[in-house]
Amino acid sequence: MHRRSSVRDAGRRLSPAIPPPPPYDLQASHSVVTIEGDPSRPSGRMVFLDGHESSYVDLADPTHLEFSYMRRIGDVIDLIRPPRQPLDVLHVGGGGFTLPRYVAAMRPRSRQLVFEYDAELVRIAREHLGLAASPGLRVRVGDARARLAERPDASADVVIGDAFSGVVVPAHLATLEFAEEVRRVLRPDGVYLLNVIDCPPLRVSRAEAATMLIAFPEVGLVADRDVLRERDAGNVVFLGAGVPLPLDGLRRVASRGAYPDDVLDRAAVIRFAGSAPVATDATLDRWARIAPPADLPVPLHGD
């Protein structure tokens, strides 16, 4: 479903300490989980939820980000602070816990909190996907919006929104009111990163762009240029902050590879949003009408 990075390592052998993927589907509380091995990367695991590609985890290398959109999120995390400086990171959605493992490896001593709706998915991640108990990584089960409301003001450096029901961000996690709660929880120089999946004519992305522009003084987005040109389906990652974003650095790293991503600044995001309406709690029903189809195919090739 997601575009994949071109960084491959077919020569690695699976360590005896790394178990093979389970040969059967696993039942979580709200979905059926399928974990498949990667023939070109023995320690790689592709995670499917109800048949939808959800996560990719490298059991041997937590710094490996297979999906292009995750690589872009990782790039922003790498750019906002000096290397290895710890961060307070809040994750909306756990999935395969790829990004929490990445932050823990790249920025030791970081404090991370993950909101995951499905308790059984957390158990599966611990048993099969390398999620280890750590004092720097806490997981809280429950609805992310209710959990976020419990967090103190100015308590996070980064908030990452990567929660989905199928290919759709749950409507109550995409509204202006939710974005305002995120901004409340962020420190003055904090950054919000939100991943959405969309297809032409990009109605979800344009509505989210309009929403982010109201919620944050500084807004950017990064996506495959064919997605932005309405030639393809794929991921769109939004950035929101109260301070200037590291867009120049993001452009440098996002322009590499066979399938480069485009980075838009606030002025370009305004043009992209056009006349799209802002997503609000009062218009949740509209979110379902503009959402991509449940069986949306998103290309696998990467940059």
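This is a predicted model: local features need pLDDT of at least 70, side-chain atom pairs count only at pLDDT 80 or more; totals for chains, interfaces and linings use all residues.
1. Start with S205. This residue sits in helix α6, which spans residues 203-215. Its relative accessibility is 0%, so S205 counts as buried. Which residues does S205 touch, leaving aside its neighbours within four places in sequence? The contacts are V196, D198, V236, F238 and F272.

2. Stay in helix α6 for R206. The side chain of R206 meets that of E230 in a salt bridge, at 2.4 Å from N to O. This pair links distant parts of the chain: R206 is in helix α6, while E230 is in the loop between α7 (225-228) and β11 (234-241), 24 residues apart. R206 has a relative accessible area of 19%; buried means under 20%, so R206 is buried. E230, at 34%, counts as partly exposed.

3. Now count the salt bridges. The structure holds 22. Some share partners, and these join R81, D88, R111, D157, R187 and D189 into one network.

4. Look next at R41 and D61. Their side chains form a salt bridge with an N to O distance of 3.8 Å. Here too, distant parts of the chain are linked: R41 belongs to strand β3 (residues 41-49), and D61 to the loop between β4 (52-58) and α1 (68-80), 20 residues apart. R41 counts as buried because its relative accessibility is 3%.

5. Finish with E127 and R123. Their side chains meet in a salt bridge of 2.9 Å, N to O. Both residues lie in helix α3 (residues 119-128), four residues apart, or about one turn of the helix.

Terms used. Residues are numbered from 1 along each chain as its sequence is written. Side-chain values use heavy atoms; hydrogens and water are left out. Helices (H or I, at least four residues) and strands (E, at least two) are DSSP runs, numbered from the N terminus. Buried means under 20% relative accessible area, exposed over 50%, partly exposed in between (1.4 Å probe, protein chains only). Contact means heavy atoms within 4.5 Å. A salt bridge is a side-chain nitrogen of Lys or Arg within 4 Å of a carboxyl oxygen of Asp or Glu.
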